[in-house]
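Hi there,

I'm passing this one over to you, as promised. Please have a look below, and then read on for what turned up.

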Amino acid sequence: MASVSIKQLDLNFGTVEVLKNLDLEIEQGEFLVLLGSSGCGKSTLLNCIAGLLDVSAGQIFISGKNVTWEEPKDRGIGMVFQSYALYPQMTVEGNLAFGLKNAKVPKDEIDTRIKRASEILHIEPLLKRKPAQLSGGQRQRVAIGRAMVRDVDVFLFDEPLSNLDAKLRAELRVELKRLHQQLDNTTMIYVTHDQIEALTLADRIAIMKEGSIQQLADPHTIYNKPVNLFVANFIGSPSINLLHGDMTGGKAPMFTFGGGKVSVKGYDFAEPPVAGNAVLGVRPEHVAYGEAAKKMPFKTKVSVDVVEPMGSDTLVWTTLGEETFRFRVGGQTDIAKGQEVTIGFDPATTSIFDHASELRL
Amino acid sequence: MSGRNIMIYGTLFVVSIYYLLPLYVMVITSLKGMPEIRLGNVFALPVEITFEPWVKAWSSACTGLNCDGLSRGFLNSVRILVPSVLISILIASVNGYALANWRFKGADLFFTILIFGAFIPYQVMIYPIVIILRELGLYTKLGGLVMVHTIFGMPILTLLFRNYFTSIPEELFKAARVDGAGFWGIYFKIMLPMSLPIFVVAIILQVTGIWNDFLFGVIYTKPDNYPMTVQLNNIVNSVQGVKEYNVNMAATILTGLVPLIVYFISGKLFVRGIAAGAVKG
């Protein structure tokens with residue numbers, strides 16, 4: 001049974017359509033990440049699920065119950081916000097207990113739940129403190145605790161790590177993953193614009209753009225088989241290389257672009273290829289160089305424009321045909337600017353899109 | 001002491017004298033007897049300090065028909081002030097909270113109308129209000145004046161509270177809703193404890209405004225119910241007999257004492273409130 005299911009959801013602010021006919025099914029215990037750039041409607045969708053925004057049309061089910069017009073407290077959800085949103089005048093304990101007191105949970109039950117949550121989140125020594133006396137990471141732990149004590153089926157996270165510095169963010173990311181493994185029956189819906197968070201945490205990622213979901217799949221599929229140009233461009237840092245050219249159809253399809261001809265026979269086409277304008281996308285780490293490149297189905301010589309050492313690896317910028325082409329090599333490399341190098345790739349690891357529709361072929 | 005400091009302190013000194021001199025004249029005149037005042041030496045310290053004018057101003061100066069001093073007016077003013085301040089702030093804070101956090105249908109229109117009310121000149125409304133109060137049976141009664149003060153305070157106070165509540169992060173409000181707090185639960189348990197500074201501002205605004213009011217007091221009440229300011233005017237402007245400058249001065253200081261005390265007490269609270277709010281929570 002689906003834990004959260006959203007059916008044909010519409011949301012308009014005045015004449016602006018923020019969410020358009022959106023369908024989404026989330027399984028019990030799943031970690032789903034809503035990923036997109038700002039203004040794509042991902043936080044709006046989360047607020048709709050939480051009941052903090054009234055939908056214009058459509059329905060929302062949580063644990064099989066139609067909650068479209070229920071109050072947030074009756075939906076069986078807990079929510080964690082970007083700014084932590086802790087009540088400043090209450091102690092940590094008061095913050096954790098607030099929702100339970102509102103729900104008239106007995107005192108000793110409140111104590112038991114607070115004790116359990118604070119053990120899991122390592123915030124026991126902080127219970128008597130005010131939020132102002134806590135660090136950012138501690139505050140966010142308390143905010144997660146506030147959702148935990150409510151004993152809910154669904155956790156909603158609205159960019160919970162965005163206010164933390166990079167190091168703390170990485171630490172809490174792992175803790176969140178651990179927490180999800182501990183609470184394996186709890187569904188988590190997580191909004192972020194950070195693709196690393198999305199790729200590391202998610203069971204499935206929903207990539208959103210302009211109020212609709214572009215692709216809903218596991219991180220591996222999203223990364224390796226993006227359904228359209230937008231997803232291919234959005235995911236991956238450094239971003240994917242895009243080569244514009246023409247493709248022929250038939251039994252032995254060829255992709256021709258400014259830098260040469262590629263036999264794309266090994267490519268896993270969704271439908272038999274037809275001739276037309278196309279875009280070929282190659283991830284920088286799928287490009288081989290030097291000896292390894294010679295074994296690749298497609299190889300060519302390029303000259304190096306820029307070398308960017310990034311510690312663990314190095315990004316090399318070249319020009320292929322008329323287009324910028326990046327590839328990634330190890331951290332220790334002797335490639336220098338102006339040098340001629342042989343590079344190659346296997347068309348099976350690439351993504352080919354139709355030029356007009358921008359959809360994956 | 002450098003030249004710059006001399007400039008700064010010199011200027012401050014001159015400005016202070018400018019502001020404090022009238023107060024000085026008032027205080028010393030109120031402590032002099034009439035014979036001393038007749039000498040005409042306004043700035044001279046009293047030769048013989050007497051509190052007689054203060055006693056007279058408070059308990060036996062004549063204001064029109066009554067000769068029981070300002071004490072009656074003081075009580076009237078308190079009876080007008082306390083309910084007006086409490087009711088207007090209570091209603092306005094809930095108004096502001098609802099407008100800022102619960103985006104109900106027609107909220108913008110309601111707010112626009114309310115703010116528009118702040119720009120209509122008082123004079124236009126004086127007579128219609130007389131009729132309304134008369135129809136309600138509240139004309140010349142203290143209750144009527146309380147109502148007038150409450151209504152006239154509403155636009156600016158609502159604006160004040162709405163803007164303050166808008167500045168409180170929306171996520172806090174959302175978190176409280178997810179935690180199951182309702183309209184009043186969020187107001188009393190979340191918003192109210194965070195809004196001490198704005199309540200102090202509202203209290204200062206209302207106490208001084210209502211205490212210092214003269215126009216509404218003289219129009220909507222009768223001599224028995226006159227607030228202190230109207231009585232003060234009657235004492236100072238009474239044309240019979242000798243002008244008792246010392247009694248007038250004492251009466252004036254007495255009337256101004258309440259706003260002064262409010263400034264001194266709440267001014268400190270105000271600063272503390274703002275400082276407490278500045279710490280990020």
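A definition before the findings: angles under 35 degrees count as roughly parallel, over 145 as roughly antiparallel, 65 to 115 as roughly perpendicular and the rest as oblique. Please also keep in mind that this is a predicted model.

That definition is needed for a helix pair in chain A. Helix H2 (residues 92-102) and helix H3 (residues 107-121) of chain A have axes that come within 10 Å and cross at roughly 130°. H2(A) and H3(A) are therefore oblique to each other. The crossing in which H2(A) passes H3(A) is right-handed. On the H2(A) side, the residues that meet H3(A) are Glu93(A), Leu96(A), Ala97(A) and Leu100(A); H3(A) brings Ile110(A), Arg113(A), Ile114(A) and Ala117(A) to the contact. Sorted by class, this contact of H2(A) with H3(A) has six nonpolar and two charged residues, with no polar ones.

Next, a sheet in chain A. Five of its strands form an open sheet in the order E15-E19-E16-E17-E18, with antiparallel pairing. Strand E15 (288-289) and strand E18 (323-330) of chain A stand at the edges with a single partner strand each, so one side of each has no neighbour in the sheet. E15(A) pairs with strand E19 (residues 340-345) of chain A over two bridges, in the antiparallel sense. Within that pairing, Tyr289(A) stands opposite Ile343(A) in E19(A).

On the domain level, the assignment for chain A gives domain 1 (2-234) and domain 2 (241-354). Their C-alpha centres lie 39 Å apart. Five residues from domain 1 of chain A and four residues from domain 2 of chain A make up the contact. On the side of domain 1 of chain A that touches domain 2 of chain A, the residues divide into three nonpolar, one polar and one charged. For chain B, the assignment gives domain 1 (3-50) and domain 2 (74-242 + 259-278), and the C-alpha centres of these two domains of chain B lie 36 Å apart.

Finally, how do the two chains meet? In all, 17 residues of chain B are in contact with 19 residues of chain A. Helix H8 (170-178) and helix H9 (183-194) of chain B each supply at least two residues of the side of chain B that touches chain A. The largest share of that side, six residues, comes from H8(B). By class, the residues on this side of chain B are nine nonpolar, three polar and five charged.

Conventions: Residues numbered from 1 in each chain as written. Chains lettered and ligands numbered in written order. Predicted model: local features only at pLDDT ≥ 70, side-chain atom pairs only at ≥ 80, totals over all residues. Domains from an automatic or database assignment. Contact = placed C-beta atoms within 7 Å. Nonpolar A, V, L, I, M, F, W, Y, C, P; charged D, E, K, R; others polar. Helix = DSSP H or I, 4+ residues; strand = E, 2+ residues; numbered from the N terminus. Pairing = 2+ DSSP bridges. Axes fitted to C-alpha atoms, helices over the stretch in contact; angles between N-to-C directions. Left-handed = near helix turned anticlockwise from the far one by under 90°.
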